[in-house]
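Q: Could we go through some side chains in this model together?
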Amino acid sequence: MLLRKTLVSLLITLSAAMPGTLEAKVPSPEKVQCQEEKKSDLQLRIQQGGSIADDVHYSGIMVGFRNNDMIIKLGLDEERTKERKDDELELVGLRIEGRETLHRYKFWFGFGGTFWDYNKPYVNLQSSLHVAGGAHFEMRTLKPNSSSEDLPTEVDIKPFMRVGGNLSATYPLSHLTNLLLIKNFEIGTSVGGGYQNIGLFGTKESQQSYYLFANGLMIYSL
């Protein structure tokens, strides 16, 4: 009789303790969901494409980082079709005839912020505003008729700035696969435009115009 009472008491004690034990070992669904959603907000962004600015067509590349709503980027634009004409250069009494080429480049650094984000499993839409500044290069070279080497004849460097916005649409590869590394990629496109100025404000040499661009975009979440 004593043994039976002891066993019954032990069973009651164990049954009371089990729910608390299991509850302590198994995390709640809310905690599991938070752990799954927790990931890094840092992104590596690479854009390549074309733009139209100051009535000139450029091809360019941009590399940048996004963290939360802030974006920083570094870019280089190069004129697609270069102006060429016959010219001559007089050097120490020696006249050199050849083909002159005008090269235009824009080297810039910019930053901006995202003000609208729309994320779904199959598409991510994002719009942002940015400010950029750097240098506009114009370099002339002469290729002599009797040589294959280009001779630099003139270099002109002017300050450069632009203000604008863009809209991007990307497709996350995680919608297709759960493979490590690959699922962190997004591919898509980015379009936008704005206002730019070449040269110092308030001077006759200052060139003001609008610009438009369209780029292919690749994003990697770090």
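Q: Is Tyr-211 buried or exposed?
A: Tyr-211 is buried, because its relative accessibility is 2%; buried means under 20% relative accessible area, exposed over 50%, and partly exposed in between (1.4 Å probe, protein chains only). This is a predicted model, in which local features need pLDDT of at least 70 and side-chain atom pairs count only at pLDDT 80 or more, while totals for chains, interfaces and linings use all residues. Residues are numbered from 1 along each chain as its sequence is written, and side-chain values use heavy atoms, leaving out hydrogens and water.

Q: Which charged end sits over the ring of Tyr-211?
A: That of Arg-162, 4.1 Å from the ring centre. The criterion is NZ of Lys or CZ of Arg within 6 Å of the ring centre and within 35 degrees of the ring normal.

Q: Changing topic, where is Ser-128?
A: Ser-128 is in strand E6, residues 124–144; strands (E, at least two residues) are DSSP runs, numbered from the N terminus. With a relative accessible area of 4%, Ser-128 is buried.

Q: What does the side chain of Ser-128 make a polar contact with?
A: The side chain of Asn-166, at 2.7 Å. A polar contact is a pair of N or O atoms within 3.5 Å; within protein, one must be able to donate a hydrogen and the other to accept it, and residues adjacent in sequence count only if both atoms are side-chain atoms.

Q: And which side chain makes a polar contact with that of Glu-138?
A: The side chain of His-136, at 3.3 Å. Glu-138 also lies in strand E6 and counts as buried at 19% relative accessibility.

Conventions: Helix = DSSP H or I, 4+ residues; strand = E, 2+ residues; numbered from the N terminus.
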